[in-house]
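Look at the sequence and the model below.

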Amino acid sequence: MALTYGDITKVETTGASEATAKQDKLTEKGVAASHKMAQTDYAKMQKYKAIILSAAAKAKVDPALICGIISRETRAGAVLKDGWGDHGNAFGLMQVDKRYHTPKGKWDSEEHLDQAAGILVDFILDSRKKFPCWTPEQQLKGGIAAYNCGLKRVDNYAHVDLHTTGKDYSNDVVARAQWFKKNGFQ
């Protein structure tokens, strides 16, 4: 697949914060914790592999990145209640926020993944415009952070996660995505 939006394997990452790692009662933090959480979600993620690969191909994003977001947002659907999370504000595997978008499809459908991947791509493209001097990998990471907190709240690369959930969203998603990339989601 052409790496239209940067190479996820080349994105710098510090991985999960201690607070995020503690959600799984992990003693480690950082990339090791992100990798462990991705590994925990791997079996459940297999159920969605076909639709992940299809949605990723249409959006021209790395399937591993979609996995990283699904793992971070919903633990491969495990934490959802009737397809909803975030106190009933976010829908589906990739958590489309109903306050900003009208969710499409069933919570675990390809239509949902198509919509969410499209939202992600829009944030990556907007990150490119806002930060033209960043490398494609930095712009990709900025877009991932913006997927969580909005592009207005992404100010600079050094503090890309300052306003994201757990102050580690893009770093954790990238580390999880890198694990999924090495483990069959390509």
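The lining of the largest pocket is made up of 12 nonpolar, 10 polar and 10 charged residues. Here Ala, Val, Leu, Ile, Met, Phe, Trp, Tyr, Cys and Pro count as nonpolar, Asp, Glu, Lys and Arg as charged, and the others, Gly among them, as polar. This is a predicted model, in which local features need pLDDT of at least 70 and side-chain atom pairs count only at pLDDT 80 or more, while totals for chains, interfaces and linings use all residues. Residues are numbered from 1 along each chain as its sequence is written, and side-chain values use heavy atoms, with hydrogens and water left out.

The volume of the largest pocket is about 940 Å³. A pocket is an open set of points, on a 1 Å grid over the protein atoms alone, where a 1.4 Å probe fits, with protein on both sides within 12 Å along at least five of seven lines; lining residues have an atom within 4 Å of a point. The volume is the space filled by probe spheres set on the points, which are joined across faces, edges and corners. Among the 32 lining residues, Glu73, Asp86, Tyr147, Asn148 and Thr165 are the closest to the pocket's centre. Helix H6 (136-149) supplies at least two residues of this lining, as does helix H7 (169-182). With four residues, H6 gives the most. Helices (H or I, at least four residues) are DSSP runs, numbered from the N terminus.

Now turn to the aromatic rings. The whole structure holds seven aromatic pairs. Rings of Phe, Tyr and Trp (its six-membered ring) pair if their centres lie within 6.5 Å; planes under 30 degrees apart count as stacked, over 60 as edge-to-face and the rest as tilted. Tyr42, Trp179, Phe180 and Phe185 form one aromatic cluster.

Are Trp179 and Phe180 buried or exposed? Both are buried, which means under 20% relative accessible area, whereas exposed is over 50% and partly exposed in between (1.4 Å probe, protein chains only). Phe185 is also buried, at a relative accessible area of 0%.

Over the ring of Phe185 sits the charged end of Lys49, 4.9 Å from the ring centre. The rule is that NZ of Lys or CZ of Arg is within 6 Å of the ring centre and within 35 degrees of the ring normal. Lys98 lies over the face of Trp84, at 5.6 Å from the ring centre.
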